[in-house]
Amino acid sequence: MNLKKIARLAHRWLGLTSGLVVFIVSITGCLYAFQDEIRDATEPWRKIEVQNKPVLLPSKLSAIAKGVHPELQVGRIVYVSKDRAAVIFLTGKGQFYTVHINPYSGQVLHDQNLRKDFFTIVQFIHIYLLLPGPIGKMVVGVSVFIFLFMLISGVIIWWPKRKTQVKRSLTIKFNGKWRRVNYDLHSVLGVYTCVIAFVLAFTGLSISYDWLKTGVKNTVNLGSTYAFEEKIPMVKMTKLLDSNKLLDVAFLESLKKSPHSDMFLIAPLVKGSAVLDITVYEKALFYYKSDRYYFNANTGALVKELAHRNKSNGLKLNEMSYDLHTGQILGTTGKIIAFMSSFICASLPLTGFLFWRGKRKDKRRALANKS
């Protein structure tokens with residue numbers, strides 16, 4: 001068997017195996033692409049008027065959110081930007097809420113149950129198919145790995161034998177019979193979008209799997225290691241500082257270190273850990289450029305800082321993964337490209353299945369005529 005025959009055989013059966021999952025993941029990717037823009041248009045509590053005064057400290061925001069849901073534990077605290085509400089995440093007893101608060105006045109603007117939030121549900125379908133975490137992640141992960149292989153095998157199958165056939169192979173014959181149009185939609189659109197689809201799929205896997213993320217980092221860094229960015233500070237737990245005081249001291253120090261940054265994400269203190277982690281992003285809702293600060297939870301002292309300018313190229317590329325995956329690294333244009341690519345990816349299992357079914361019918365008809 002030559003390479004094309006092997007690629008065609010693998011492409012067909014792997015496509016039938018993973019097609020449904022690829023369709024679901026791709027179509028939910030389409031829905032999620034413009035989620036921030038849609039939320040801004042439909043959720044007025046996300047935007048606030050900028051005021052010429054300091055924002056409330058995280059201990060105050062935490063107390064306000066806790067007052068809304070006293071039965072839950074405060075998780076992440078996010079100062080999104082000067083013109084956006086602060087968002088406090090609360091979890092516990094199988095519940096997940098966000099409380100949006102005006103960081104200047106302390107006014108509660110909205111209380112949101114994430115289990116009933118449309119885009120949160122879409123995100124969980126995209127990542128887990130709404131299955132139990134480990135199972136859903138495995139099913140999606142294996143299917144997307146297969147999809148990467150199918151993109152490569154699809155190009156091999158499509159590759160014209162002669163240069164004179166390239167133009168014809170890149171054209172959809174809309175005036176042809178429906179089966180010819182269907183085949184062209186599958187092969188031609190697949191070729192046009194294969195590079196972008198590969199980037200979207202690969203970055204999604206990189207976000208999900210630490211081993212792949214490490215591999216990307218090591219490859220880009222040509223095998224070099226950077227201990228200063230990999231090592232998390234080890235702080236022995238003695239007597240933890242009052243949680244409210246720790247939050248405030250750490251936030252003010254982060255603000256002092258990165259005064260021109262837009263978004264501040266304060267991670268909750270992990271049980272058994274004596275290190276508080278704050279990530280500061282240069283631009284709100286963009287994650288590719290950030291500074292990170294680690295604080296001693298016993299004293300509130302800064303024990304490590306990792307500025308974006310000091311990160312290795314491998315780490316910088318990994319931190320671009322989400323913005324590359326959603327297309328937002330290029331702004332609205334990038335999101336449109338990601339949306340269209342995801343839509344085409346969702347169509348490929350459908351057009352591929354129709355082509356396969358048509359071929360099966362032809363074979364059955366031929367056998368029936370012979371008999």
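Predicted model: local features only at pLDDT ≥ 70, side-chain atom pairs only at ≥ 80, totals over all residues.
Leaving out residues up to four places away in sequence, Ile64 touches Leu56, Ile101, Gly106 and Val108. You will find Ile64 in helix H3, which covers residues 58-68. Is Ile64 buried or exposed? With a relative accessibility of 18%, Ile64 counts as buried, because the cut-off for that label is under 20%.

Next, turn to helix H7, where Asp184 lies. At 2% relative accessibility, Asp184 counts as buried. Setting aside its neighbours within four places in sequence, Asp184 is in contact with Thr171, Ile172, Lys173 and Leu189.

Now for the aromatic rings. How many aromatic pairs does the structure hold? There are 18 aromatic pairs. A pair of aromatic rings is described by the distance of the centres and the angle of the planes. Take Trp13 and Trp356: their ring centres are 6.5 Å apart and their planes stand at 75 degrees, so this pair is edge-to-face. Trp13 belongs to helix H1 (residues 3-33) and Trp356 to helix H13 (residues 331-370), so the pair ties together parts that are 343 residues apart in sequence. The two partners can be described by their accessibility as well: Trp13, at 43% relative accessibility, counts as partly exposed, whereas Trp356 is buried, with a relative accessible area of 19%.

Another pair to pick out is Tyr183 with Phe355. Here the ring centres are 5.1 Å apart and the planes are at 45 degrees, so the pair is tilted. This pair also links distant parts of the chain, with Tyr183 in helix H7 (residues 178-208) and Phe355 in helix H13, 172 residues apart. Tyr183 counts as partly exposed at 30% relative accessibility, and Phe355 counts as partly exposed at 35%. Back at the tryptophans, ring pairs link Trp13, Phe353 and Trp356 into a cluster.

Which residue lies over the face of Tyr209? That is Lys137, at 5.1 Å from the ring centre. In a second example, the charged end of Lys283 sits over the ring of Phe286, 4.5 Å from its centre.

Let us finish with the empty space inside the model. Rolling a probe the size of a water molecule over the atoms shows where empty space is left. The structure holds 1 cavity of 30 Å³ or more, and the largest cavity has a volume of about 30 Å³. Which residues line the largest cavity? The lining is made up of Tyr32, Ala33, Gln35, Asp36, Tyr322, Thr326, Gln328 and Lys335. Helix H1, helix H2 (35-42) and helix H12 (321-326) are the elements that give two or more residues to this lining. By residue type, the lining of the largest cavity divides into 3 nonpolar, 3 polar and 2 charged residues.

Conventions
Residues numbered from 1 in each chain as written. Heavy atoms only, no water. Phe/Tyr/Trp six-rings, centres within 6.5 Å; stacked < 30°, edge-to-face > 60°. Helix = DSSP H or I, 4+ residues; strand = E, 2+ residues; numbered from the N terminus. Buried < 20%, exposed > 50% of the residue type's maximum accessible area, 1.4 Å probe, protein only. Lys NZ or Arg CZ within 6 Å of the ring centre and 35° of its normal. 1 Å grid on protein atoms, 1.4 Å probe; cavity = no way out; pocket = protein on both sides within 12 Å on 5 of 7 lines; lining within 4 Å. Points joined across faces, edges and corners; volume = space filled by probe spheres on them. Nonpolar A, V, L, I, M, F, W, Y, C, P; charged D, E, K, R; others polar. Contact = heavy atoms within 4.5 Å.
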